[in-house]
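Colleague: I would like to understand the words used for this model, not just repeat them. Please show it, and start with the terms.

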Amino acid sequence: MTEFWLISAPGEKTCQQTWDKMMAATTRTNNLSTNHKFSIPDLKVGTLDVLVGLSDELAKLDSFVEGVVKKVAQYMADVLEDSRDKVQENLLANGVDLVTYITRFQWDMAKYPIKQSLKNISEIISKQVTQIDNDLKTRASAYNNLKGNLQNLERKNAGSLLTRSLADIVKKEDFVLDSEYLITLLAVVPNLLFEDHDSGLFSVTLFRKAIDDFKHKARENKFTVRDFQYNEEEMKADKEEMTRLSTDKKKQFGPLVRWLKVNFSEAFIAWIHIKALRVFVESVLRYGLPVNFQAMLLQPNKKTMKKLREVLNELYKHLDSSAAAIIDSAMDIPGLNLSQQEYYPYVYYKIDCNLLEFKV
């Protein structure tokens, strides 16, 4: 996946001129980035006080929603287990890959009506993504419990003869049952009844009164007597439980993957709308009214990121000379939520599409 820089600069005589200048500086001679216009509709500005407060709230919301997007993506990878190579094809936004969605971004008027105030829109997004987060916790907990119980049973039926369940190895005819005087014990020894890589299982029928003596001799010879009683009902119940858990897991798998796919899309779309809101709010706070700025999406070439920063700094340093002078350090500007992020003379937000802890 990839990284984008979402920036804005004030309109020159027209916003098209702002775009043309940026394109000339970053692509025509040096191919520093692949650029796209980023369309933000005419949102309701509101008062300066509301914008200043909203700037801080949107920064927190941005971080929260990004976290939910990553959690849903990571859980998708966990659920798909052996099909992790298929994870990326399930991480879509509005049915298209994430890069396509971002580069062709269009505001969703139905979900986030622009007649609403900026604060209301941010609250709609917050409620929506909080619900996704809560639902994810509930669904993940239920599926993880089921998966954990199944794995515990599977572990019981695997591993060394010293520890594994013997229910699927022994048969009724291997035992003397319901005898007052005789009993059958199972000893892990080097061969016979059933073999694994290290040892074998040996059935021994003896008088009950000789049990302690036999166990003592077995220990002396480094044989292990398993504590096992043949109980058909218990063995049947264990097998049925394993079948039930396996069936339940298969039943839940499909609907869970579909839910993750749908809600990843919803969360990711919400996240990019927050980025759009942040660009709008910060652009108005920095560049003033009337609203006149061009939002631009840059996909930097990895090898020339530093050069791209320098070119953008040169292009926009007139907007904020103090920021331009310390372009590589963070600043705390009263009224703007910039203390926890990089600050540049132009409005800047990073969109990092590397959402998973592993590379798929």
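Modeller: Two strands pair if DSSP finds at least two bridges between them. Strands (E, at least two residues) and helices (H or I, at least four residues) are DSSP runs, numbered from the N terminus. The model is predicted, so local features need pLDDT of at least 70 and side-chain atom pairs 80 or more, while totals for chains, interfaces and linings use all residues. Residues are numbered from 1 along each chain as its sequence is written, and side-chain values use heavy atoms, without hydrogens and water.

Colleague: How many helices and strands are in the chain?

Modeller: The chain has nine helices and eight strands.

Colleague: What makes strand 2 and strand 7 a pair?

Modeller: Five bridges join strand 2 (33-37) to strand 7 (293-300) in the antiparallel sense. The definition asks for at least two, so they pair. Threonine 34 has glutamine 299 of strand 7 as its bridge partner, and histidine 36 has leucine 297.

Colleague: How do you know that strand 1 and strand 7 pair?

Modeller: Strand 1 and strand 7 share six bridges, also antiparallel, which meets the cut-off of at least two. One of the partners is alanine 295 in strand 7, facing serine 8.

Colleague: What is the order of the strands in the open sheet?

Modeller: The order of its four strands is 2-7-1-8, with antiparallel pairing. Strand 2 and strand 8 (347-352) have a single partner strand each, so they are the edges, and one side of each has no neighbour in the sheet. On average, neighbouring strands are turned by 25 degrees against each other, direction ignored.

Colleague: What packs on the sheet?

Modeller: Helix 7 (residues 232-287) does, touching strand 1, strand 7 and strand 8. Its direction makes about 170 degrees with that of strand 8. Axes are lines fitted to C-alpha atoms, for helices over the stretch in contact (heavy atoms within 4.5 Å); angles run from 0 to 180 degrees between N-to-C directions. Helix 8 lies across strand 1, strand 2, strand 7 and strand 8, at about 10 degrees to strand 1.

Colleague: Why is strand 3 called largely enclosed?

Modeller: Buried means under 20% relative accessible area, exposed means over 50%, and partly exposed lies in between (1.4 Å probe, protein chains only). Seven of the eight residues of strand 3 (residues 182-189) are buried, so the rest of the structure largely encloses this strand. Strand 7 is mostly covered too, with seven of its eight residues buried. In the chain, 43% of the 360 residues are buried.

Colleague: Which strands are joined to strand 3 by bridges?

Modeller: Strand 5 (residues 200-207) pairs with strand 3 over eight bridges, and strand 6 (residues 224-226) is joined to strand 3 by three. Both pairings are antiparallel.

Colleague: Which residues of helix 1 are buried?

Modeller: They are Thr18, Trp19, Met22, Met23 and Thr26. These residues cover an arc of only 130 degrees around the axis, so they sit on the same side of helix 1. The arc is that of the directions from the helix axis to the C-beta atoms. Their cover includes strand 1 (3-10), strand 2, strand 7 and helix 8 (305-316).
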